[in-house]
Amino acid sequence: MRYYTEEIRNGAYEIGAPTDHVEAITGQKPESFESITRRYLNDPSLIHPKLAKGTKAQALAFAVRMMLTRPLDFDQWERERGYPILEEAKLAHDSKDWRKAAENKKLLLMPTTTLS
């Protein structure tokens, strides 16, 4: 999660965008942002089971609670889930190979290896 948000903050997903990667991987065209938004607006429980449609006052109260909530401690979150703690993670946008592939709208996947 920490690395994904860092990539977003640094514009990694803007490089070479838009792409056809969703269709190439899934065989289906991606949904529009509008259709995804409508689905979650119509059924907020898809985001979280306790989330429901409410009034504007409830939405405002929810927004205030979110703003007053302490930021997530990524180290603790990852430790609790048994995630490996990466000492010197190299993010996609820092990789020359990844950048070159992204600029050319290519997926840079890990090479496959065969066991001897």
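Let's start with the rings. A search of the whole structure turns up two aromatic pairs. By pair I mean rings of Phe, Tyr or Trp (its six-membered ring) with centres within 6.5 Å; planes under 30 degrees apart are stacked, over 60 edge-to-face, and the rest tilted.

A word on what we are looking at. This is a predicted model, where local features need pLDDT of at least 70, side-chain atom pairs count only at pLDDT 80 or more, and totals for chains, interfaces and linings use all residues. Residues are numbered from 1 along each chain as its sequence is written, and side-chain values use heavy atoms, with hydrogens and water left out.

Trp 77 is buried, because its relative accessible area is 19%. Tyr 83 is at 40%, so it counts as partly exposed. Tyr 13, at 46%, is partly exposed as well.

One more ring. The charged end of Arg 39 sits over the ring of Tyr 40, 5.4 Å from its centre. The test is NZ of Lys or CZ of Arg within 6 Å of the ring centre and within 35 degrees of the ring normal.

On to pockets. We use a 1 Å grid over the protein atoms alone; a pocket is an open set of points where a 1.4 Å probe fits, with protein on both sides within 12 Å along at least five of seven lines, and lining residues have an atom within 4 Å of a point. Volume is the space filled by probe spheres set on the points, with points joined across faces, edges and corners.

The largest pocket holds about 470 Å³. It has 17 lining residues, and Tyr 13, Thr 19, His 21, Val 22 and Leu 107 lie nearest its centre. Helix H2 (21–26) and helix H6 (96–103) each give two or more residues to that lining. H2 has the largest share, three residues. Helices here are DSSP runs (H or I, at least four residues), numbered from the N terminus.

The second largest pocket holds about 240 Å³. Its lining includes Pro 44, Leu 51, Phe 62 and Arg 65.

Last, the backbone. Most residues other than glycine have a negative phi, and most peptide bonds are trans. Where does this model depart from that? The peptide bond from Ala 17 to Pro 18 is cis, with omega near -5 degrees. Pro 18 is in the loop between helix H1 (2–9) and H2. Lys 105 is not a glycine, yet its phi is positive, about 60 degrees. Lys 105 falls in the segment after H6. At 41% relative accessibility, Lys 105 counts as partly exposed.

One final contact. Ser 95 is in the loop between helix H5 (74–80) and H6. Its side chain reaches the backbone nitrogen of Trp 98 at 3.1 Å. Ser 95 is buried, because its relative accessibility is 16%.

How values were computed
Buried means under 20% relative accessible area, exposed over 50%, partly exposed in between (1.4 Å probe, protein chains only). A polar contact is a pair of N or O atoms within 3.5 Å; within protein, one must be able to donate a hydrogen and the other to accept it, and residues adjacent in sequence count only if both atoms are side-chain atoms.
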